[in-house]
Amino acid sequence: MVDPHPNAPNLLRIDGASTHLHGEVGVVANVVEELNLQTNTHKRDVLEGVEIDRGQLLDQPFVRGPHWDAAWTQALDTVSGRPQQPVLVIVAPRSFGSTTFALRLLAQHTASHVDLVKLDADWSTPTKGRLPLEKEHAFQLDLKHPENDQLSSDFLNALSSHASQLRANGSYLVLTVAQELWRDHRLGKREGVHVVHLREAPDAQKVVEAHLEAYGYERLITALRSYSKAQASLRGLTAVAAERAAHTIVMVWQEHSHLEQSPISAHLGEQPPMSLEDRLTAALTDWRSELDALFGEMTRLHSHGNPSLTVEDRCLLLALAVQQSAPMPDVARSAQELLTRAAGQTSAPSGAGGAFAAAPSALAGRGLRRRILDVGAGVDGQDKVVFDRPAYGRAVLEYVWDNYDTMREPLLAWLVEAAQTPSLEDPTVSALAELTLRHGTMGYLTTLGKTACAKKPEVLGAVMESAVRNEHIGRLAWEVLYRWAEQDEYAPAVIVLCRRILEDTTVAPSTAKRAMVRLRRIAHTTGERATRELVLAAYTDLAERPVGAARLTSEVREWQQSKGSARGGSLAFLALMAAQDDGAPWLLTQSSLDIDVSRAVHDLLGNPRTVAEIIPRLSTWIRASTTDPVAYGRLRDQLLPALRGHNMFEAGMNLMRELRGISTAEGTSVADDFYHHLVDPRLHPVFPLQDGA
């Protein structure tokens, strides 16, 4: 194989001594410079990110338009075709597509060997010291958080010096800044920094068509171009809204195709079936005209001449909007529960008296089947409600949320209570997730947390997972989770989410780091034993995977170096005690962990809060080693120093009592063996091993 660096110097490392380089002077200097750069970068707490696949990025749908063409040209050097300066600042209103613009620019106009990295702004305020510096990297960073991304004059002034460092390393940094956060109009004149403003979003219909083509729905493009009213609904949409409209168009087409093939007529009444054009036009306007009529003036009785629904039917429509198709009794029960919550009650009236009193008035009205037909659904031969209209259902839910402020908390409580499984496959959890992504303000997330944390922490965790993975509200969701991590009532939900994130092998390092920080925060602040056990269970599961074990090892190392949380570090060590390597304790088989196992065992045994947690784990270690006399002797000799010392006598005696009943392969009592090694023979009459048995 050909050496890609034939002139590279020989590198000679001597343990405990200096590193020596032998080779050509110029090459040696370059290698030393690169080693220094890597060392300085690793020492600093820099922002982390995820590497972007250039090929996949270039395959994604992308639309520019005249204004973007002009901004694109302005950002590039006319001679080299590379970004005009090492630091490029793109200022644009939210949802205009500035992040897509930035990444696409870097993908098309940097050398193919340059690594593209999307950074995660995990900071409380922008600082130059957190910006990474690597050779031949192109970094992109969103600055859009209303509080944490406020641009100080110090940070802006430091960008020029950072630009010179980037230039020296053949690297670039593109910052995409929300327009309301940009207040410095003179920055474009500074050395190494160029500012571009995006004042218009790309043409919405072209964005929609590009996404439809990417999804494989080219024939829908032809249909859309023939529907003038649907096209009119797309005008003026932002890039993000246009992408969402493309998803809506696909959903509506799938609904239309399904209903055309359904044995139950889509209209089920006097109304003719809707054409695809009518459905698309209604969907792209969020069915506002239809929903304005259904949620019109208050009416107590259903009337064919008045499309406005009664309160009971509105609750029924909301239940169908969320559940779609479901057995009739389930839909009726769900609608009644919502009606009860809307009335300010937590549960429906019960008892024979209440049911008997309500019976005459209920019997005088329309039956459930008739009511279901009146709100636009159907009922099949097995008494199952058929309402396969997810896009319409989403619009109904959004309409009620937007137009009825007082219904928001009852609506959230109803959705949380109705959730059956903590998965987005559950239609109720999916509805909660969609509401969260659209309305994910600090106030909304706080209300959601209060509503769900006690009764459905797993559901709250699933919903918040979708939020932290969203590029628009992800950072705000992580911020809320950090606050929740300090409160025991929220801790179970935070732990559920962090476990789900850390179980994902494809998750970005920066995202995994955020999850670990919040687990550590819970471990550090909780006073509840049950909460601590939940964190320990999460850590123990993490310890079974190499990447997870590495993260826990880092936690232990920082604890022992007095840089991290003692409570978090001790839990990480306890979790690692459960890991094995070919039947032996993993912690004792790794020679390069830089962890003092004996000291950790000593500290945990000497702490009244942790002694009860470590003794069963030590017992498991010892029990597993007893079949091999050599392994047992080695383990015993490794543990004995940790069991000696100040305030260790009681912990040692408790461990030995735990070991009673365990024997070595030769039949020797393990408890007696440890007892004779640890306790002075003169003290045996005073402190017998059987004491307290």
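Mentor: A helix is a DSSP run of H or I, at least four residues long, and a strand is a run of E of at least two, both numbered from the N terminus. S98 lies in one such run, helix α4, residues 98-109. Each chain is numbered from 1 along its written sequence, and side-chain values rest on heavy atoms, without hydrogens or water. The model is predicted, so local features need pLDDT of at least 70 and side-chain atom pairs 80 or more, while totals for chains, interfaces and linings take in all residues.

Trainee: How many helices and strands does the protein have?

Mentor: There are 32 helices and 13 strands.

Trainee: Is S98 buried or exposed?

Mentor: Buried means under 20% relative accessible area, exposed over 50%, partly exposed in between (1.4 Å probe, protein chains only). S98 has a relative accessible area of 3%, so S98 is buried. Across the protein, 47% of the 693 residues are buried.

Trainee: Which residues does S98 touch?

Mentor: Contact means heavy atoms within 4.5 Å. Setting aside residues up to four places away in sequence, S98 touches I90, A92, K144, T176 and L198. For the protein, take contacts between residues at least 6 apart in sequence: 68% of them join residues at least 24 apart.

Trainee: Why does E398 count as buried?

Mentor: Because its relative accessible area is 10%. Beyond its neighbours within four places in sequence, E398 is in contact with E434, L435, R438 and H439.

Trainee: Which residues of helix α32 are buried?

Mentor: In α32 (residues 670-678), V670, A671, D673, F674 and Y675 are buried. These buried residues pack against α29 (611-625), α30 (629-639) and α31 (649-658).

Trainee: At what angle do α21 and α23 pack?

Mentor: Axes are lines fitted to C-alpha atoms, for helices over the stretch in contact; angles run from 0 to 180 degrees between N-to-C directions. Helix α21 (residues 474-484) and helix α23 (residues 509-525) pack at about 15 degrees, with axes 10 Å apart.

Trainee: What does that make the pair?

Mentor: Angles under 35 degrees are roughly parallel, over 145 roughly antiparallel, 65 to 115 roughly perpendicular, the rest oblique. Therefore α21 and α23 are roughly parallel to each other.

Trainee: Which residues meet there?

Mentor: From α21, R475, W478, E479, L481 and Y482 take part. They meet T511, R514, A515, V517, R518 and R521 of α23.
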